[in-house]
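Me: Got a model open here. Can you walk me through a few spots?
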Amino acid sequence: MKPTDRFYDFLEDFRSPFARDRDRVIHCSSFRRLEYKTQVFLNHEGDYFRTRLTHSLEVSQIARTIAHTLGLNDILAETIALSHDLGHTPFGHVGGDTLDELLKEDGRVFGFEHNFQSFRVLTKLEKRYKPFDGLNLTYATLEGVLKHSYPYQKPFSSSLFEAFFLDKHPSFEAMVVDFADEIAYTSHDIDDGIHYKLIGFEDIIENPLVQKINHIIEKNDNIYMNEKLYRQRFVSTLIRVLVEDFITHSKYTISQFPSTPQSSIIDASKSLDIGFSKEITRDMKLLKKLLFQKLYHHKDIVRNMYAGSRCIKGLYRAFNENHHLLPQEEIKLMGKREPKRVISDYIASMTDRYALKLYNQLYGRGLKS
């Protein structure tokens, strides 16, 4: 053997299975495209807004912290968090809702659901190996991505139900990701909304949780609502309070299952006392109701989401009318998969800016006279 031949020898993988899963997710193309997919605010309107990518990173940090503190597998929690939004369409939830509506109008019972789409990205749509589709991830990671928004009762095939036990709770790590997701989007939507003056603290100060956060900041940091640093301290304190409440409230239940594997074992009909305390749960519901009224229904956001929905509908209609508008790879897939699902997958994979660019090309607004 020549010395240079050693370059082609592979060592036995030194990573744990979940660390290997995490690395495969981070290096896949679907993960990179999250950088230009909307969270709530269209990302081309400002450099400060969160995107699906920054959101996924924030969720993974929170989930990793909680899982480590509770003695769970923090790498599995991190991997599920990094993967949980891979199936999201451009233009946030309105894009997924629009695709779901279009597919059901065309008689597709399953429609579109972003958790299942994330699962399909990991098992079918990403291609890294010649013999099979997907990223070749562990069962625990795939189950956590599919079922983290528990209870997960969707009209999917019986084979999926049997393989992933949709009648059972997901792993504790997946449950942690679900709450980390809620903590992340609640805190950063407030941050983004106030930074761009779509709302002010005066719009949410009536909420008991916001009042509690305000009291902590004034007492511990001696910073008040009209000061420049207040927003940063508010977001940080809100995350800390929610994380601490989740850990305190959930640790006893989790401690009752010291040898729990990272997969389904507990019947979903049995309630598990994992989550926030009753007080925080109540206050979070009220806070999200306020945000829904004052932020998510702000005219600027509603107009952008309406435009996004029209874009999705236009692309879907055009691709169904003329399959040759699709790339060759998608045209080839239509011989193997249901054509409308291929079209849906292609649209779901797009970034906001690519979807808008293609829409403008197809419908003429981007053409020169």
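This is a predicted model: local features need pLDDT of at least 70, side-chain atom pairs count only at pLDDT 80 or more; totals for chains, interfaces and linings use all residues.

Me: Which helix is Thr186 found in?
Reply: Helix α9, which covers residues 172–195.

Me: What does the side chain of Thr186 reach?
Reply: The backbone oxygen of Glu182, at 2.8 Å.

Me: And what is Thr186 in contact with, leaving aside neighbours within four places in sequence?
Reply: Met284, Leu287, Lys288 and Leu291.

Me: Switching to α10. Which of its residues are buried?
Reply: Leu209, Val210, Ile213, Asn214, Ile216 and Ile217. They sit on the same side of α10, because they cover an arc of only 160° around the axis.

Me: What covers them?
Reply: The cover includes α11 (230–255) and α12 (278–296).

Me: Which residues are exposed on the other side of α10?
Reply: His215 and Lys219 are exposed there.

Me: How many residues does α10 have, and what is its reach?
Reply: It has 13 residues, 208–220. From first C-alpha to last it reaches 18 Å, close to the 18 Å expected at 1.5 Å a residue.

Me: What happens at the start of α10?
Reply: A side-chain oxygen of Asn207 comes within 2.9 Å of the backbone nitrogen of Leu209. Just after the helix, Asn222 has a positive phi of about 55°.

Me: Zooming out, how many helices and strands are in the protein?
Reply: 16 helices and zero strands.

Me: And what share of its residues count as buried?
Reply: 51% of the 369 residues. The protein exposes about 19,000 Å², with carbon and sulfur atoms supplying 53% of it.

How values were computed: Residues are numbered from 1 along each chain as its sequence is written. Side-chain values use heavy atoms; hydrogens and water are left out. Helices (H or I, at least four residues) and strands (E, at least two) are DSSP runs, numbered from the N terminus. A polar contact is a pair of N or O atoms within 3.5 Å; within protein, one must be able to donate a hydrogen and the other to accept it, and residues adjacent in sequence count only if both atoms are side-chain atoms. Contact means heavy atoms within 4.5 Å. Buried means under 20% relative accessible area, exposed over 50%, partly exposed in between (1.4 Å probe, protein chains only). Accessible areas come from the Shrake-Rupley method with a 1.4 Å probe; for residues, only the protein chains shown count as cover. The expected span of a helix is 1.5 Å times one less than its number of residues. The arc is that of the directions from the helix axis to the C-beta atoms.
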